[in-house]
Structure formats: structure tokens, C-alpha cells
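Have the structure open beside you as you read along.

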Amino acid sequence: MLFNFAMMSTWNFFGRSIIYPIYLSPLRHIPTVLGCPLWGQTYTRLTNEIGVPERTWHEDLGPIIRFHLPFGTERISIVDEQALREINVRNPHYFVRPAQVIRWMIPILGERGILLANGVLHVRQRKALAFAFSPASIRRLECRFWEKGFCLTDELSGLLDCSLQEHGSDGCLDGFDWIQHATFDLIGLVSFDWDVNSLGSTVSPLRNVFAEIFALDTGSCLVQTLRLYLNFVKYLLCKMNRAIDSGSKVLKEISEQILPSKLKDMDSTIVSDDIISQIISQNEKLPHNHPDRLSYQEIKHDIMTIFGAGHDTTAAALAWTLDQLSKHPSKTNVEPKSKPTFLLSKTHAYPTH
Ligand code: HEM
């Protein structure tokens, strides 16, 4: 008995962490970043800005590479366009999310939304969301972007003027907070027809929740990483665990508020053009026992998913765009007032999924 236990533990530790990834894994032929699979590239990834080590590895090893997280966990990083299209567009249901990632994201996104659903459930979700995310539906929402866009421009112009007064044209300004406020408002508006008013108010519990959960300082990343591997970590009394718990609560409460009112709106003749109304309206057209019909819980988790998936990603993309345009003004036909660079705070610069 004791012998069996010792053998099992040894296999679980060394076998899975070292022998499997090196000699048995079907992914072992993919160019792999050198290092011991037992702890993998964890240290490098924790101590560098997100994406920077990966960029170097890709330069050395090619567009599809393998690296390790602790205990032999394998990760594939892909920058090949064809491969990305295959995974994200053509056949996403074949590429299931790693179980640890799903476990980690469930409190924030709910397990039944499109992002965490796997296999046939994912195919079903995709079908249900296709109309609302189609180019035509998104184009109809275009005018909603302007209002918040102008508010953001005002805030950034204010920052720019202050920077010009203080530092002249060599100044650097960090507009990322305002950009995050704006994208948060936009996601609320276009997805739920709900004005979060993050730009207009200093207190925005929902935004604070996301800022804490997706904090990218080393301590926060460490807790997030440990949560992936050691179940008891989620019970520790630390800032990150408190942020995830309160974030999860806030998101559930908000989706509980949004969904019933949206369902009620379906009785009226004109359905709002926001994303969730469109999803519900398509769903309501299906008979109750139809296999493609989404449940209440699935739509609720889609609301949580859209908040999680749509806000920091767009903020990072917009911030990088402004950063690059400010460094290469010739690429835009807008005459810049000056030549400041939009300094991105290191802790916030990357998409969160
Ligand atoms: C520039 C901004 C964005 C970037 C870089 C981005 C990036 C991504 C990536 C990489 C994935 C695949 C994740 C995975 O399969 O694990 C994804 C999926 C997804 N994103 Fe985004 N995203 C952006 C904006 C948005 C917005 C604005 C929304 C919603 C309003 C959104 C909603 C979703 C959803 C629902 C999925 C799941 C799709 C599926 O599983 O089929 N994203 N996004």
C-alpha cells in the first residue's frame, strides 16, 4: 500500500513534470523553450512584462513554440496567422481551454458563457451569438461609440495640455486609466445599453473590481499562478482572493440586474440594438425545447463574459494604437498638437485573455 502510494506520488511529481513533457507528450516535437519542465519558464514570465519573453522566444524558435509552466504543464504560443485562424475562427471547438484556466476564470466569467464552454456547448454558444456579433449588427452600434469617444478625447486633451505646460513637447503622458474608463463605458453601452458612467464618476465599483483582478504586479501574478495549481490558495486571506471574491459577487449581481430587465423588454415591439438584446431576441425565436436555445444561466454568464472579455482587451488595443500614432504622426492625417508619447503603464499594457 505504502509502496503503491510512493510510486504514484513519484510518477505524479517526476513522471508528469519531467518524463511526460520530454519523452511522451504529443507536443514534444514543437520547438520548445529550453528549461526544466518542473518549474518551466515561470520565473521569466513573472518577472518580465507580459508578452516580452514570448516575443523573444518566437524570434528564436519560430511562430509556433512550446514552453512550460510549473509541474510540466505545457503551453503553446502561436503567432502564425493560419494557425490562429484555424483555432479561433474555423474550428475553435477542437481547441479546449486548459482545465486550470477554466477553473481560474469561472468565478469571474461563470462557467457556462461562450469563453469557457468547450466542445459542443461552445458550438452552440457560437451559433447563438453569431447574429449579435455579425459585422452588420456591430455597424448599427457605431453611433454609440462617438459619445464616449468625445468624452475620452476631452479627458486626454486635458492631460495633454497639462503635460505640455509642465514638460513641454518632450513630455510623456499616461492616459491608460482614462482609456480604460472609456472602454468600460463603451462595453456597457454597446453590449447592454447600460451607461456605467465610468468616465463621468470617480467611483466605479465595477471598474475597480476589474482593475484589482487583472492587476499585473508580481505579487498578484504569483497568487493567480498559485491558484492554478494549489486549490487551497483560494482560501488564503490575501488581497487578490478578496478581489476575486468581491468581483465575482459584483458581476453576478450586475448580470442578475441586466438579464431580467432585458427579458422583460422582449415584450415590446422594438428591441434595442445592443448586443445582449440581440442575443436574447434571437434566442426567444427558438422553441423552448430547441437544442440550440440558450438557458437563462448561459445568457447570464455571457453577460459576465462580455464584461470580462471586452473591456481590458479594447483598452489595451486603443492604448497601443494611440501610442504608435503619437510616435509615428505621419501615419495619421490628423495634425498633432505636439509630439508626446502615450506612456503605457507597465502593469496595464496587455489584454487579459
Ligand atoms: C481589441 C480587442 C480584443 C482583443 C485583442 C480580443 C482578443 C480575444 C481573443 C484572443 C480571444 C480568444 C480567447 C480564447 O479562445 O481563449 C477572444 C475571444 C472572445 N472575445 Fe475578444 N478580444 C477583443 C475584444 C472583444 C470585445 C469588445 C468583446 C465583446 C464585446 C469580445 C468578446 C469575446 C468573446 C465573447 C470571445 C469568445 C469567443 C469564442 O470563444 O468563440 N472581445 N477575444
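Leaving aside its neighbours within four places in sequence, which residues is I276 in contact with? I found S191, F192, I258, K262 and I303, counting two residues as in contact if their C-beta atoms, placed from the backbone, lie within 7 Å.

**Ground rules.** I noted that this is a predicted model, where local features need pLDDT of at least 70, side-chain atom pairs count only at pLDDT 80 or more, and totals for chains, interfaces and linings use all residues. Residues are numbered from 1 along each chain as its sequence is written.

**More on I276.** I located I276 in helix 13; helices (H or I, at least four residues) and strands (E, at least two) are DSSP runs, numbered from the N terminus. I276 counts as buried because it has 23 C-beta neighbours inside 10 Å. The cut-offs I used, with C-beta atoms placed from the backbone, are 20 or more other C-beta atoms within 10 Å for buried, 12 or fewer for exposed, and partly exposed in between. I also checked I276 against L109: they are 167 residues apart in sequence, and C-alpha to C-alpha they are 15 Å apart in space.

**The core.** Next I looked up the largest nonpolar core, which has 46 residues, and I179, I213, I276, I279 and I303 touch the most other members. Such a core is a set of buried Ala, Val, Leu, Ile, Met, Phe, Trp, Tyr and Cys residues joined through C-beta atoms within 7 Å. At least two residues of this core come from each of helix 5 (99-109), helix 6 (119-130), helix 9, helix 10 (205-213), helix 12 (239-265), helix 13 (275-284), helix 14 and helix 15. Helix 9 gives the most, with nine residues. I then followed I303, which touches F192, S255, I258, L259 and I276 when residues up to four places away in sequence are not counted.

**Around the ligand.** How many residues surround the ligand? I noted 17, with A309, G310, T313, T314 and A317 the closest; a residue is near a molecule if its C-beta atom, placed from the backbone, lies within 6 Å of it. Helix 9 (176-192), helix 14 (296-310) and helix 15 (312-327) are the elements that give two or more residues to this shell. Helix 14 gives the most, with four residues.

Most residues other than glycine have a negative phi, and I looked for exceptions. F71 has a positive phi, near 55°, and sits in the loop between strand 1 (64-68) and strand 2 (74-78). F71 is partly exposed, because 18 other C-beta atoms lie within 10 Å. N197 also has a positive phi, near 55°, in the loop between helix 9 and helix 10. N197 is partly exposed too, because 16 other C-beta atoms lie within 10 Å.

**Helix 3.** I found helix 3 (residues 52-61) hardly covered, with one buried residue among its 10. G62 follows helix 3 and has a positive phi, near 115°.

**Domains.** Last, I checked how the protein chain is divided: domain 1 (2-90) and domain 2 (135-348), with bounds from an automatic or database domain assignment. The contact between them takes seven residues from domain 1 and seven residues from domain 2. I noted that the C-alpha centres of the two domains lie 31 Å apart.
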